[in-house]
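Please read the following points with the structure open beside the text.

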Amino acid sequence: MAAPMLRRVGLGRLWGFAWVDGGSGHRRGSPNGSTSSRRREQSSVAQQPLHTAQKPRKGGHKWAAVVGLEIHAQISSNSKLFSGSQVSFMAPPNSLVSFFDASLPGTLPVLNRRCVEAAVMTGLALNCHINKKSLFDRKHYFYSDLPAGYQITQQRLPIAANGSLTYGVFMGNKQSRMATKTVRIRQIQLEQDSGKSLHDDLRSQTLIDLNRAGVGLLEVVLEPDLCCGEEAAAVIKELQLILQALGTSQANMAEGQLRVDANISVHHPGEPLGVRTEVKNLNSIRFLAKAIDHEIQRQINELESGGEILNETRSFDCKLGCTVPMRDKEGKQDYRFMPEPNLPPLVLYDSASLPAGTESQQVINIDQIRDALPELPSATRERLVRRYGMLPEHSFTLLNEVGLLQFFQNVMKETRAEPKKVTSWVLNTLLGYLKHHNLAVSESPVTSSALAELLDLLDSKAISSAAAKQVFEELWKGEAKSAAQVVSEKQLELMQDREALEQLCQSTMEGHPQVVTDMKSGNPRAINKLIGLVRKATLNRADPAEIKDILERLSS
């Protein structure tokens, strides 16, 4: 259904609504490859570090790195921020361009209600103060894919400010412990995207696609509270999960729906902050971490060798694994910010300030949006830890891998096995196989139902742990067999004949007298060896705990 777009009506400074296509639907962005997606230089981030990471340098000195991020998230909306043009990824070039998008004289912006609601929802989820009055500004600069010569943004008074984002970072090489940290959010502002330049090196020409021109963006400006690539990657992953949970952005980095600029500097603790460089257009969490860590080390090496850091904009070459210069920023560009004359102040309301008799379609109610917020990732993790008794780091992994939480919950619905056992199999066995074969959860040959059946067989002691792993390997082959069929065909049923098992243990001990002697003398490896020999004789069909019990009784 078409969604309302805010429009100024009459002579007063009030918002009315025109109904255009502005609901959630297909999304689009800039793909990787030859396409150059240029984000413009945004408001600078003052470097006031909350906490920094220190790195030893030659001579015993230490360096502290300071990292701030500016994130541009494409709003999930069927239409653009100020026009009714459709938003669709990979549409034919220049097929989704209105007169306003092309900046034809006499065209006027019409604000998309869906984009405003998405900004308010995101601000609330990120603990921001929502400004009941916000302003739009023109930011002037000239580039071929910006037809108007200016971008409509919110420079002076954004829609949301002063928030925070809590995220988790794994500690140690084994990533077995997680630390919770917080980064401050300076502001969230609405702005329109630019077009896209496609460089044709063969013909030595640049082509312009305006499909993306005017698409609604949320710019989230973080304070420089980060100290390394790992922290930055964790922040972006958490923000990505929040945006997806809210439905305000698909945040697909591969399609350009989430792009990051990183501001980086290094200095000695206790000394003034260093000169900052900016790394633009990072569209992968992995590349974001690599780019930041490389830039930190590059600056340290440059300073230690007697050089100086230039205030410049750089890009990350993923093939070379390093940052490369794009342009210098020594001469500050004058964007000539000015109020947008065609857009009045954006006024929002809460339940207390809502004028009497106002229809809900005529205004945006902050409290109403707050009440409709879905469960956020942090709350989901708390629920998982509380309900299933899992470790916090396990809850992070379940949410961070796309589709893994749903897979886990589906298994839990169909199995009698303990939650901890299900967690172990999903996170260790299943996820290990997926990563080894470079597959997504949705591509897993082992379905949640198949794994649930396997865990039921294991829980009822119909098979041993070793046999269960064999069954999983067979299920992974994707031959449409059930776990029970695999167990029957491979004869993997757990050995139930206690008397026969005792005879095997007795004959194994008689055949390895020295190992028995070592076992009686207290050597723990000896009994493990005997257990292994008995299990081999039973084709892994015996319970190791039962074997151990029999061996200890026979040797006493």
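1. Which side chain meets that of Glu238 in a salt bridge? In this predicted model, the partner is Arg381, with an N to O distance of 2.6 Å. Glu238 belongs to helix α2 (residues 229-246) and Arg381 to helix α5 (residues 377-388), so the pair ties together parts that are 143 residues apart in sequence. Glu238 is buried, at 4% relative accessibility, and Arg381 is buried too, at 6%.

2. A second salt bridge joins Arg156 and Asp137, whose closest N and O atoms are 2.4 Å apart. Arg156 sits in the loop between β10 (150-153) and β11 (160-171), while Asp137 is in strand β9 (residues 137-140), so this pair connects parts 19 residues apart in sequence. Here Arg156 is partly exposed, with a relative accessible area of 46%, whereas Asp137 is buried, at 1%.

3. The buried residues of helix α14 are Ala526, Ile527, Leu530, Ile531 and Val534. Viewed down the axis of α14, they fall within an arc of 135°, so they line one face of the helix. These residues pack against α12 (498-511), α13 (513-520) and α15 (544-555). On the other side of α14, Pro524, Arg525, Asn528 and Lys536 are exposed.

4. Confidence deserves a remark. The protein has an average pLDDT of 86, and 87% of the residues score at least 70. Over residues 1-59, however, pLDDT stays under 50.

Notes: Residues are numbered from 1 along each chain as its sequence is written. This is a predicted model: local features need pLDDT of at least 70, side-chain atom pairs count only at pLDDT 80 or more; totals for chains, interfaces and linings use all residues. Side-chain values use heavy atoms; hydrogens and water are left out. Buried means under 20% relative accessible area, exposed over 50%, partly exposed in between (1.4 Å probe, protein chains only). Helices (H or I, at least four residues) and strands (E, at least two) are DSSP runs, numbered from the N terminus. The arc is that of the directions from the helix axis to the C-beta atoms. Contact means heavy atoms within 4.5 Å. pLDDT is the predictor's confidence in each residue, from 0 to 100. A salt bridge is a side-chain nitrogen of Lys or Arg within 4 Å of a carboxyl oxygen of Asp or Glu.
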